[in-house]
Amino acid sequence: MKLRSLFTGLLLAATALVEAATQYGNNSERAACRQITKWQTLYNRWLGNTLRARKTGCTRDNIIYRQEWGSLLRTQRIEYTEAVECLAKKQPVSPKADVPGARNPYDDFVAQHIKSSPHVHFSGLFYPFHRYFVYLYETALRNECGYKGAQPYWDWTLAWQDPVNGTIFDGSPTSLGGNGKFIPNALPTKVTAFGIEVIVPHASGGGCVQSGPFRERTWTVNLGPATLNSSTKPGPMGLGYNPRCLKRDISTAYAANTRPIKVRYQLEHCGDAIWNVSDF
């Protein structure tokens, strides 16, 4: 039954990419979607064969399948956001001396990521750290708040043309909250981390999230902002108590960097790939 559910979910993921391809008038985007779908299908086949042979560890009987947000049922999306809200009502476990601003276990995870960021980005630790980090967060939702599902993921290629109205940010009760309130004449945001400085232009929001889960007056961001660079001593800032609303400024210009043709390029030219995707 578990394996059947797994394959059903994987089929939904591949189908979503095929459906996305039909939306694009650009032949290059459609071709990129088809190629990504082909790679996904090959991965699904490998995963199925691997699970059939396993008797211990991660097997077809105990695997937890993570689905793309838009492929979840509406009730499943609400169950996830309710579990996140539940976690934010628990007591933190971080020592006060280490993370004085933590008010709940959600903050514990934020703090750990802030503290670890200088060491786990732009290094070989990136993938193993974040895979384990997501696993621990998923486990906390399940063990602490009775969540029965898995941590969802976001397929950027499905809503790059209009992310504000995509399933994840449309502001409905089944989303992760909407865009921030539009702030006219807002200044660009300067992001400084790891010796890199990026200027992010003001886009379509900028203020507090106004609708859906995690909107203003229902969700509080307690930690940050943090400056992550080598000159910060003795460690990353942002661990003090700094309550405020969750803000968003969704940019279609930046979303265009996640269009299928861009994703295909990254997969074909990534020097760290464990196989040569061009062979497929």
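**Exercise 1. Find out whether Cys 208 and Cys 245 are buried or exposed.**

Cys 208 and Cys 245 are both buried (under 20% relative accessible area, where exposed is over 50% and partly exposed lies in between, with a 1.4 Å probe and protein chains only). Before going on, note that this is a predicted model, where local features need pLDDT of at least 70, side-chain atom pairs count only at pLDDT 80 or more, and totals for chains, interfaces and linings use all residues. Residues are numbered from 1 along each chain as its sequence is written, and side-chain values use heavy atoms, with hydrogens and water left out.

**Exercise 2. Describe the link between Cys 208 and Cys 245.**

Start with the bond: a disulfide (a pair of cysteine sulfur atoms within 2.5 Å) joins Cys 208 to Cys 245, with S to S 1.9 Å. Next comes the handedness: the torsion about the S-S bond is about -70°, so this disulfide is left-handed. Now place the partners: Cys 208 sits in strand β4 (residues 206-209) and Cys 245 in the loop between β4 and α6 (252-255), 37 residues apart. Helices (H or I, at least four residues) and strands (E, at least two) are DSSP runs, numbered from the N terminus.

**Exercise 3. Work out which parts Cys 86 and Cys 145 tie together.**

First, Cys 86 and Cys 145 are joined by a disulfide, S to S 2.2 Å. Then look at the elements: Cys 86 belongs to helix α3 (residues 74-87) and Cys 145 to helix α5 (residues 126-145), so the pair ties together parts 59 residues apart in sequence.

**Exercise 4. Classify Cys 33 and Cys 58 by accessibility.**

Cys 33 has 1% relative accessibility, so Cys 33 counts as buried. Cys 58, at 35%, counts as partly exposed.
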